[in-house]
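Welcome! Take a moment to look over the sequence and the fold, and then let us walk through them together.

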Amino acid sequence: MGRKAASGIVGLLFLLFVADPGIGQDVFSFGRLSASSHPAANGGTELVFEAVLNLNVVPIAFNFHWERSDGAHSQVKVVNVSNAAARTYTMVERWTVGPGASTAGLWERIFVNSGNTHLSSGPIQVAEGSAPAAVASQPAPAVQQPAPGAHPAYLHALSDLRMARALLSGWSNPLIMRQLQNAVQEIEGALGDITRAAISDGKNIDDHPPVDTTLDNRNRLTRALELLNTAYKDIDERETNPADAALRSTALGHISRARQDLNDARKIMSWL
């Protein structure tokens, strides 16, 4: 490349940088970081951590997760913001400690990633000495409107998928391990699709009721299949926003493949 041509390219890049203030600008930054405590239904204390993300570029896709002082961490959530009027995005995490447990020193921090931009907060902690107000003094909770498409059928499907995943985890039978692993991966894919469609109940992938320990292996497979069938029905029969249709279709595909893998495993078990 000649010197004149190289100089022209450098000049063009300089003009582009000056003309577009978004170039070189962080796509997002942290706004408010806060934590509060409230009485929990179990007699303990609920800690609520909130992080507001300032969006400098829209549309944008990013993912985030929380980590807390006891070493636990939340599921990674993927967010797509396409509304040009959006300027912020609020992320909330809840942590409930048992009755009598001290909340001193407890904190959470959040990690946000998009492309080459990676942010992490410092520890977000409830102010020292603060205590949850008495239940009687709490104002009536505001009624929150569900996100578009967040119909109860979708939330039921999320719960059923998590329970099915739990029933299929922890197996050691080598004859059906491949089928069960494939089914779990498909279930996780369906959970991710529903979450990306902005339909979330705020729980992580391991949040599910206790597994019934009285179920034998065959009945665990049968129960998992029933849950997958119910989740498929809930998602398939619910009308959704056109923008969510593709993700819903993909989620249904994941569930269909998980059911096939599970049926294959049940056939093998019936031969044993």
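## A first look at the chain

Of the 272 residues in the protein chain, 34% are buried. Keep in mind as you read that this is a predicted model. The chain has 5 helices and 8 strands, and along the sequence they follow the pattern α-β-β-β-β-β-β-β-β-α-α-α-α. Among the contacts in the chain with a separation of 6 or more, 71% are between residues 24 or more positions apart.

## Helices that pack on H5

Let us turn to helix H5, which spans residues 245-271. Two helix pairs that include H5 are set out here.

| Helix pair | Crossing angle | Axes | Residues in the contact |
|---|---|---|---|
| H4 and H5 | roughly 160° | within 10 Å | 13 nonpolar, 6 polar, 5 charged |
| H3 and H5 | about 160° | 8 Å apart | 12 nonpolar, 5 polar, 6 charged |

How do H4 and H5 run relative to each other, parallel or antiparallel? Angles over 145 degrees count as roughly antiparallel, so H4 and H5 are roughly antiparallel to each other. H4 passes H5 in a left-handed crossing. Residues of H4 in this contact include Leu221, Leu225, Leu228 and Tyr232, and on the H5 side they include Leu252, Ile255, Leu262 and Met269.

H3 and H5 are likewise roughly antiparallel because of their angle, and their crossing is left-handed. Here Leu180, Ile187 and Ile194 are among the H3 residues that meet H5, while Leu247, Ile255, Leu262 and Ile268 are among the H5 residues that meet H3.

In soluble globular proteins, nonpolar side chains tend to be buried together. In this model, the largest nonpolar core has 32 residues, and Leu161, Leu168, Leu180, Ile187, Leu228 and Leu262 touch the most other members. Which elements give two or more residues to this core? They are helix H2 (152-167), helix H3 (177-196), H4 and H5. The largest share, 8 residues, comes from H5.

Leaving aside residues up to four places away in sequence, Leu180 touches Leu168, Trp171, Leu221, Leu262 and Ala265. Another core, of 22 residues, lies apart from the largest one, and its members include Val27, Leu47, Leu55 and Phe62.

Start with Asn217, which lies in helix H4. Is Asn217 buried or partly exposed? Its relative accessibility is 38%, so Asn217 counts as partly exposed. Beyond residues up to four places away in sequence, Asn217 touches Trp171 and Met269. Asn217 and Arg266 are 49 residues apart in sequence, and their C-alpha atoms are 9.7 Å apart in space.

Next comes Ser121, in the loop between strand S7 (117-120) and strand S8 (124-125). With a relative accessibility of 3%, Ser121 counts as buried because the cut-off for buried is under 20%. Not counting residues up to four places away in sequence, Ser121 touches Phe30, Leu33, Arg109 and Ile110.

Finally, look for Pro59, in the loop between strand S2 (45-55) and strand S3 (60-68). What kind of peptide bond joins Val58 and Pro59? The bond is cis, with omega about 5°.

Definitions and conventions:
Residues numbered from 1 in each chain as written. Predicted model: local features only at pLDDT ≥ 70, side-chain atom pairs only at ≥ 80, totals over all residues. Heavy atoms only, no water. Axes fitted to C-alpha atoms, helices over the stretch in contact; angles between N-to-C directions. Helix = DSSP H or I, 4+ residues; strand = E, 2+ residues; numbered from the N terminus. Parallel < 35°, antiparallel > 145°, perpendicular 65-115°, else oblique. Left-handed = near helix turned anticlockwise from the far one by under 90°. Contact = heavy atoms within 4.5 Å. Nonpolar A, V, L, I, M, F, W, Y, C, P; charged D, E, K, R; others polar. Core = buried A, V, L, I, M, F, W, Y, C linked by side-chain atoms within 4.5 Å. Buried < 20%, exposed > 50% of the residue type's maximum accessible area, 1.4 Å probe, protein only.
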